[in-house]
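Subject: Structure handover

Hello,

Here is the structure for you to look at. My notes on it follow below.

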Amino acid sequence: MIGKITIGSRESRLAVIQSERVQRYIQEHCPGMAVEILTMKTTGDKILNQSLEKLGGKGLFVKELDAALLDGRSDLSVHSLKDVPMELPDELPLIAFSAREDVRDALILPDGVKELDFSKPVGCSSRRRMLQFAQLYPQAIFAPIRGNVQTRLKKLDGGEYCATILAAAGLKRLGLEHRVSRYFTTEELIPAAGQGILAVQGRAGEDYSYLNGYSDEEAAVCAQAERAFVRALGGNCSTPVAAYARVISDTEARADLQTDLSVRLRADLSGDLPDRSASSVCGQDAAGSEAPGVNDCRLLRMDVFYFDEDTGKSYRDSATGSMRKPEEPGEILAEKIRSLRPE
């Protein structure tokens, strides 16, 4: 194993904090290994007066980090998964996922303000957030806001906006939980795919066994499911699309069905679910052998939101599927949405 590891990171305080978490893990589990963080300003960090859509999407936040990985200046990169492009080069795969932290979006008011004042715009550049927020507050108007968390809070407190919306996980990592005025439930604002999860990206063919204990199985499966939905609709990090998957027990899935919560099961899990044998849903194959990585009766439940820019229609739906095939619920929901679009 190599004796020194260099972690590539954006230079924002949040990005460094996130990279430091991976750094500490490696240091604690590989005593004697030198681990340093290489920070850099990305194209997306440098240009703040234009929308990401006009600039080319959130891929601009990883462009320089990818270059450092490819030329060997760094050995891995740490990202907020929600900011990672849906399509990645084969030579730079995602190799580990942190356990998911608070997945919710949070409303932030100017310092000292207690109530929303819609005479000013809500500072927000995310179409996903704007569209769902407007369903809760139809009177809201929006104005773009760019920059890191501290920059956005400074603009908010300076009187430019009545509020802004940020990911709760990032605020908590920065020790800014006290700025939260309210948390939105995942039913009110369905999160972005991967929100609350840190992704570690590396080079294909390298030995990353030192991260084996870092990666969280449930987060990895949920990430795969959520990103599959976005990809199936041809979306990217700027598309007004949301996907939130979580692992539930077979008992919870049955309870959802019994209380009529509109759970839509994969075709091979529907119909006779209450009487199906454990081998069909409890992590076993047809011969009764335990499937790798799944050792109990767990399923994936996923809620999604999609806004069709061409028709102006929004879609919300949910599905439940197998942990062994995490891409299926998203692909099924994407196909259903496509079928509802007018020709």
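First, a convention: helices (H or I, at least four residues) and strands (E, at least two) are DSSP runs, numbered from the N terminus. Two strands pair if DSSP finds at least two bridges between them. This is a predicted model: local features need pLDDT of at least 70, side-chain atom pairs count only at pLDDT 80 or more, and totals for chains, interfaces and linings use all residues. Residues are numbered from 1 along each chain as its sequence is written, and side-chain values use heavy atoms, with hydrogens and water left out.

**Overall**

The protein has eleven helices and 13 strands. Of its 343 residues, 53% are buried. Buried means under 20% relative accessible area, exposed over 50%, and partly exposed in between (1.4 Å probe, protein chains only). The exposed surface comes to about 15600 Å², and carbon and sulfur atoms supply 48% of that. Areas come from the Shrake-Rupley method with a 1.4 Å probe; for residues, only the protein chains shown count as cover.

Contact means heavy atoms within 4.5 Å. Take the contacts between residues at least 6 apart in sequence: 72% of them join residues at least 24 apart.

**First sheet**

Five strands form an open sheet with mixed pairing, in the order β7-β6-β8-β5-β9. β7 (142-143) and β9 (180-183) are the edges; each has a single partner strand, so one side of each lacks a neighbour in the sheet. β5 (residues 105-108) pairs with β9 in the antiparallel sense, over three bridges. Which residue of β9 stands opposite I108? V180 does.

β1 (residues 4-10) and β2 pair in the parallel sense over seven bridges. K4 stands opposite A34 in β2.

**Cores**

A nonpolar core is a set of buried Ala, Val, Leu, Ile, Met, Phe, Trp, Tyr and Cys residues joined through side-chain atoms within 4.5 Å. The largest has 22 residues; F229, L300, M302 and Y306 touch the most other members. The elements giving two or more residues to this core are α8 (217-232), β11 (241-249), β12 (298-308), β13 (313-322) and α11 (327-340). α8 gives the most, with five residues.

A second, separate core of 17 residues includes V22, V35, Y208 and Y210.

**Cysteines**

The whole structure was searched for disulfides (a pair of cysteine sulfur atoms within 2.5 Å). The search finds zero. C30 is buried at 13% relative accessible area, and C124 is buried at 3%.

Best wishes
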